[in-house]
Amino acid sequence: MSQYLINGLVLSSIYILVALGLTLVYSILDVPNFAHGELVMLGAYIGVFSLGIVGVTNYFLVLVISVLALAALGLFLEKFIFRPLRSAPPATMFIAALGLVYILQSTVQLIWGKEWLSLRSPFMGAIKLAGATVTYTRVFIFSLSCLLMILISLFVYRTWLGKGIRAVSQSESGAALVGINSNRMISLTFALSGALAGVAGILLGHVTFVFPAMGFSPLLRAFAIIIIGGMGSIPGAIIGGFFIGAIETLSVAVFSAEYADIFAFGALVLTLIIRPRGLMGKLE
Amino acid sequence: MKKRIVCVIGVGLLVGICAAFFLGVSTAQVAKERGKINFVYLGPMSGSAAAYGEEQFAGIQLAAKDINGTGGIKVGDKAYDLQVYALDVEESPEKSVTKMNEAISLHRPLAFHVGHSMAAMPLKQFAKEKGFILLGVSEVPAFTDPRNPLCVRAWVKVADQGPMLDYMRRLGINKIGILAHSGEVSVKWAQVCKDMWGKRGGTVVGEVTYPVESTDFTSPVTKLLSYNPEAIAAGGHPDVRAANILKNIRELGFKGKVFFGGACRGPRMVNLIGNELAEGTILVGTAFEKGGPKIDAFKKRMAGLYPGKPYGLVYAVAYEAPFLLKAGVEQAKTVTELEKITAAMETAVGPNSSPTGLFSKVVNGEVELNLYSVEIRNGQVVPVQ
C-alpha cells in the first residue's frame, strides 16, 4: 500500500504544479487557459534542448533556463494574445487559447520532429521507504514540487506583489483605484504561471517521455484538481491535487487500474454536487 | 542591326515554344500509355504516434519509387505507375472513416494501407461496399476473422508468441505476470499469452489491465509486481509505451525478464531508455532481425537513406505492402477485380516477389512471417537460442 501512496504523491505533486499555474491565470482572467498544457510540453522540450547543450551535470541550470523561457513566453502570450482580447467576450479568449494549442504543438513538431524524446534525470538509484521502492528522481520531483507549492503560497499571501495579484483578481477597477497597475499584475501572473509550467514540464519529462501531445493529460488532471479545490484557490489546488492522486492510486490498489479514472472523476462530480464552488472556492 | 537582333530573338522564342508544345504532347502521350494505380496510406501523421506514421509512409514512398523505376505494375501490355498518398487519421477510428471517404472521392484508390488497428477495423466493413483492397498493420484477430476477402493482414498477429514463450520456458521461467491495456489488441494478446503459456506448463500469477490512454504505469506495474512474477509479458505496446513501462518496472526494482509482443520493435525503446534498462528484453523477432542477404542489403540501404533514424521492421513492412499488391495485380492480370487480386496474392507472393524476403507467403488473408526469439543486447536486437 505504501508503494501506491508514494506513487500517487509523486505524480500528484507534478499535476498540482500544473494546476497552480492554471488557477493563477484563471483567478485573474476568469477564463481557463487551455494552452497551459502546451506550456508544460514546451517546458519539457526546452529541458531536452538545454540538457543537450549544457549537459546533465548542469541540471539546475536546465531548470532555470526552462523557468525563464516559459516565464518570458507567458509574458509574451499575455501581452500579444490575451491582453488585446480582455475586453472581448470570454469565448474569444477560450478560442484563442485553443488555437494556441495547435500552433504550439505543430511548431514543436516542426522544430523537434515527431519522435518521442527522453529527458534523462541526473539522479540515479533508489531508496526503500516504508517498504516501497522510490527512485531518487521521484524523491527530487516530490521535494521540488512541495517547495514550489510553499513558495507560491508565500508569494501570493505574504508579499505585496502577491497582494496586488489578489486585489486585481477581486476587482480590476478597485485595484486601479488604489494605485495598482493591473496590467503589470496580470503580466506577472502569466509569467509565474509559465514558470510553473516550465518546471512541471521538466519533472513530467522524467516520469514519462517528451512528445508534442504530452500536455493534454496533465491539463485534464489539472482542470479536475482546480475544480475540486475551487477555481482560483491555491490551497484548494494543493489539497485537491493530493486528494485526486490518492483516490486514483488507491483505486488501482483495491480494484483495478481501469477504475482509476472512474473514481477520480466520480469524486469530482460528487464534490461539485455537495459543494459546487469546490473545496476552497475562489482566490481572495 | 537592332531589328535583326529582335527578329532572331523572336524566331528563337517561337521555335522554343513549338518545341516545348510538341515535347509536352509527346510526353503526355507516353504518360497516357502508362496508367495509374492509386494507393492511399491512412495513418497517424500527427499526434502521439506521428513518428510511426512518418516511418510507414516513408517505406511506402520508397516502394512506389522502386516499383515505378522498374517499369511499374504490368498487366498484359499495359504498365501502371503506383501513385501514393497519405492522409492523417491520428489514432482516431472516426477520422479513419472520414479520411477513407475523402480519399475515395479524391483518388479512387485500388488499395488502402492502414497504419494501425484503430484505423483498420472500421474500414474492414467498407471494403466490399466502397470497392477497395485493405492492407492492414493490425494484430487484432478480428481483422481477418471473420474473413473479408478484400482484407489482408500485413503485420504480426497476436498469436505470434510461440517461439518467445518457448525461449522463456527454456530459461526456467514458470510464473509470469501479464500487463495489458484496455484496447482490443492488448486484451486479445493477453488472452492468447495466457492460453499458450498454460499449454507450455507455465503459470500466470497475475494480470493487470490499465486504461489505454495512460501515460504513467507505476501503479499498474506495482500491482503486477505484488503477484511476484518471475517474468512479465505485455502485448500491444509500441516501443514508446513499452519503454515507459520497462522504465517503471526497473525503477521498482524488478530484475526478471520482460517480454513485449509484436508492436514493440526495440530501436526506439533503446533510444529512449538506454542500453542498460533495455538489456535482456525479449521481443518478437522476424526475418528482419534474424538477417539474410536480401534483408541485410535493405537494412544497409535504409541506414544510408535515413541516418540516425530509428527505422526498422515497421518501415520494411510498409515497404513490402505495395509489392504485395503488385504481385497480386500482376498474377490476377486485372486492376478492377479486387477479390481476384487478393486471391492471387496467395500464389503470387513468394521469396522472389518479396524485395526484402519478409513477405514470402500469404495464407488465408494473412502474411505469414517467420518468427524467431530475439533479445535486446548492448542496444541491439539479436536472435537468441
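Residues are numbered from 1 along each chain as its sequence is written, and chains are lettered from A in the order in which they are written. Local features need pLDDT of at least 70 and side-chain atom pairs pLDDT 80 or more, whereas totals for chains, interfaces and linings use all residues.

**View 1. The side of chain A that touches chain B.** Here 25 residues of chain A are in contact with 24 residues of chain B (contact: C-beta atoms, placed from the backbone, within 7 Å). Elements giving two or more residues to this side of chain A are α1 (2–29), β2 (132–135) and α10 (234–254) (DSSP runs: helices H or I, at least four residues; strands E, at least two; numbered from the N terminus). α1(A) gives the most, with four residues. The predictor assigns the complex an ipTM of 0.84 and a pTM of 0.85.

**View 2. Packing of α10(A) with α8(B).** Helix α8 of chain B spans residues 218–225. The two helices pack at about 25°, with axes 9 Å apart (axes fitted to C-alpha atoms over the stretch in contact; angles from 0 to 180 degrees between N-to-C directions). α10(A) and α8(B) are therefore roughly parallel (under 35 degrees). A:T249, A:V252 and A:A253 meet B:S219, B:P220 and B:K223.

**View 3. Residues 27–31 of chain B.** Chain B averages a pLDDT of 91, and 96% of its residues score at least 70 (pLDDT: the predictor's confidence in each residue, from 0 to 100). Over residues 27–31 of chain B, pLDDT is below 50. Beyond near neighbours in sequence, this stretch has zero contacts in the model. Where pLDDT is low, the predicted coordinates should not be read in detail.

Methods:
Contact = placed C-beta atoms within 7 Å. Parallel < 35°, antiparallel > 145°, perpendicular 65-115°, else oblique.
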